[in-house]
Amino acid sequence: MRKIISLLLLIQLAWVFAQKPAKIYLEQKKDMATYYVDNNEIYPISISFPQQPEAENMRIPEKFKLIQVIPPKSVKNRITYFVVNDKKKGWKIKGIPSYYTIIGDATIKNYDSEYQYTLPFQKGKSFNVYQGYDGIFSHQNENSLDFVMPEGTEIIAAREGTVIETVQDNDKGCPTINCANLANYISILHSDGTIAQYFHLKQNGVKVKAGDVVNKGDLIGLSGNTGWTSGPHLHFMCYIPDFASAKQKKTIKTLFKTGDGNKAEYLTEKKTYTKGY
């Protein structure tokens, strides 16, 4: 049963990992050919190549990286270049291998694991963590948290960062996979390269836009019941991009300040947390 549920989760989130645009193009000059890539997005994009490029009578002077990170809002980033070996003979480039792209820096190895997040709701409020890390319903092998809360509850940024994605047009939710791609959400990129996502928001309940820089504690949206959900709640996760993962992300546990704010802990399933700071 767990395997079946895990498979459904992969299908549920597949739409989130859709290919992001990365314009790769070739420029030739005398006996050299160079591949470049443009990234018009406000966030870095990682590109994964399954193999080395191939060419006839040409060499690659620099080691070709199978995973390359392209900075945001940048043009003419060199992917690789070829130089003709024997100018008296013909040469040919067989092209760049097919590739995959994901949001963020997939080469991150270290991040701020000691950072203390604020609970993602207003001071004086209390909410129960219905499903926690590695939850049996939909969090298998995933470090995500589900806070049960009424629709329209104010959601605040648990950590400062840059808003890189928002969706708020959806108005439907249901407890089946048919609604998997109907969740409204916000994605925020942090300074250490981790990305937080706030899911199942209310229609038109997103209070920020892509490109906004938010501070910890800023109002960013209103909770809802959109997407694959059996009731109103906020789904929170933090992750680093990871091509090796089936979901293309490695979710991480995050420390939250609880109570009066003097204590930081990992939140536990079925426990209610009050924000007194």
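Student: Okay, what is the bridge partner of Ser 46 in E9?
Tutor: In E9, Ser 46 is partnered by Ile 102. Two strands count as paired if DSSP finds at least two bridges between them. Strands (E, at least two residues) and helices (H or I, at least four) are DSSP runs, numbered from the N terminus.
Student: Where do these numbers come from, anyway?
Tutor: This is a predicted model, where local features need pLDDT of at least 70 and side-chain atom pairs count only at pLDDT 80 or more, while totals for chains, interfaces and linings use all residues. Residues are numbered from 1 along each chain as its sequence is written, and side-chain values use heavy atoms, with hydrogens and water left out.
Student: Got it. Back to Ser 46: which residue is its bridge partner in E6?
Tutor: That one is Val 69. Strand E3 covers residues 45–48, and E3 is joined to E6 by four antiparallel bridges. With E9, strand E3 also pairs in the antiparallel sense, over four bridges.
Student: What order do the strands take in that sheet?
Tutor: The order is E6-E3-E9, in an open sheet of three strands with antiparallel pairing. At the edges are E6 (67–70) and E9 (100–103), and each of them pairs on one side only. From one strand to the next, the twist averages 25 degrees. For angles like that, axes are lines fitted to C-alpha atoms (for helices, over the stretch in contact), and the angles run from 0 to 180 degrees between N-to-C directions.
Student: Which way do the side chains of E3 point?
Tutor: Ile 45 and Ile 47 go one way, and Ser 46 and Ser 48 go the other. All of these are buried. Buried means under 20% relative accessible area, exposed means over 50%, and partly exposed is in between (1.4 Å probe, protein chains only).
Student: What about the protein overall, how much of it is buried?
Tutor: 50% of its 277 residues count as buried. The accessible surface comes to about 13,700 Å², and 49% of that belongs to carbon and sulfur atoms. Those areas come from the Shrake-Rupley method with a 1.4 Å probe, and for residues only the protein chains shown count as cover.
Student: Let me switch to loops. Where does Gly 95 lie?
Tutor: Gly 95 is in the loop between strand E8 (92–93) and E9.
Student: Why does Gly 95 count as buried?
Tutor: Because its relative accessibility is 18%. Leaving aside neighbours within four places in sequence, Gly 95 is in contact (heavy atoms within 4.5 Å) with Tyr 35, Pro 53 and Glu 54. The C-alpha atoms of Gly 95 and Ala 55 are 7.6 Å apart, though 40 residues separate the two along the chain.
Student: Now Asp 218: where is its place?
Tutor: Asp 218 is in the loop between strand E18 (213–214) and strand E19 (219–223). Asp 218 counts as partly exposed because its relative accessibility is 28%. Not counting residues up to four places away, Asp 218 touches Ile 155, Ile 156 and Ala 157.
Student: You mentioned E18. What pairs with it?
Tutor: Strand E14 (residues 161–167) pairs with E18 over two antiparallel bridges, and Gly 161 stands opposite Val 214 there. E14 is also joined to E16 (residues 184–189) by five antiparallel bridges.
Student: In E16, which residue is the bridge partner of Thr 166?
Tutor: Ile 186.
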